[in-house]
Amino acid sequence: MRWKQLTRHVWGGYVYWPLPVMVWIVEDRDGLTLVDAGIPSMWNSLYQALNVRFKNKPLVRVLLTHSHGDHVGMLPNLTRTLQVPIVVHPLEADRISEIASNPIISLDLDHTYGGLIPYHTPGHSPGHVVFYHPDDQILLAGDLFTAFSGKLRRPIAKFTPDMEESLRSGRILERLDPKLTACAHCGVVKHASSQYPKLLCKGHGSR
Ligand SMILES: [Zn+2]
């Protein structure tokens, strides 16, 4: 897994699997937050990074954007090794309790987690959430969108049961106007709110 510092507090860790996958480490006063748990093969590299690159602060929680397999893959190994809580929207929690042994905390949309504010953005999955870091003006968007070559795209249609609802949820870009929007598949888009209207047009679907 390769790491790239995206903003002052946020690092992206990514692999090519055959679809690129990105997870995030967010540093805060109270420690580190892992946002999304990627795929199983990322675990060794994440564990090494926690012990070397990020060794000055402990991992204190895992936040999940949703419970699809390519966002929770490290949880079995992670929960065997680290006693950190998993925070997930209640609509996604059943699946997590099947694969992870650590305490599961229901996401509170009125709470800030390690500098990150959650927003409920259903459509790709019922309990999909995104996390905004206001200090760094970066949105960790999970699968609300995809990004290819710096361009904002729709989420992958095959895995998005309600595309219309997901696109409506995408209006969060207009509300927050983040400088950077990081998508799990895979990349970072600058000033994505200016690209959002194009997603609503036919012919600008996902790959
Ligand atoms: Zn997904």
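Predicted model: local features only at pLDDT ≥ 70, side-chain atom pairs only at ≥ 80, totals over all residues.
Student: Does His71 count as buried or exposed?

Tutor: A residue counts as buried when its relative accessible area is under 20%. The relative accessibility of His71 is 1%, and therefore His71 counts as buried.

Student: Which residue in the loop between strand 4 (31-35) and helix 1 (43-51) is in contact with His71, leaving aside neighbours within four places in sequence?

Tutor: Beyond those neighbours, the contacts of His71 include Asp36, Ala37, Gly38 and Leu64. Of interest here is Ala37, which lies in the loop between strand 4 (31-35) and helix 1 (43-51) and which counts as buried because its relative accessibility is 0%.

Student: Which residues are the protein donors of the zinc ion?

Tutor: The donor atoms lie 2.1 to 2.2 Å from the zinc ion, and their residues follow the sequence spacing H-x1-H-x55-H-x18-D. Two of them, His124 and Asp143, link distant parts of the chain, being 19 residues apart. The protein donors are His66 (NE2), His68 (ND1), His124 (NE2) and Asp143 (OD).

Student: What is the geometry of the site of the zinc ion, given angles of 89 to 169° among its four donor atoms?

Tutor: Four donors count as tetrahedral only if all angles lie between 85 and 135 degrees. The angles at the zinc ion run from 89 to 169°, and the site is irregular.

How values were computed
Residues numbered from 1 in each chain as written. Heavy atoms only, no water. Donors = N, O, S within 2.8 Å, 3.2 Å for Na, K, Ca; no water. Tetrahedral: all angles 85-135°; square planar, octahedral: opposite > 155°, others 65-115°. Helix = DSSP H or I, 4+ residues; strand = E, 2+ residues; numbered from the N terminus. Buried < 20%, exposed > 50% of the residue type's maximum accessible area, 1.4 Å probe, protein only. Contact = heavy atoms within 4.5 Å.
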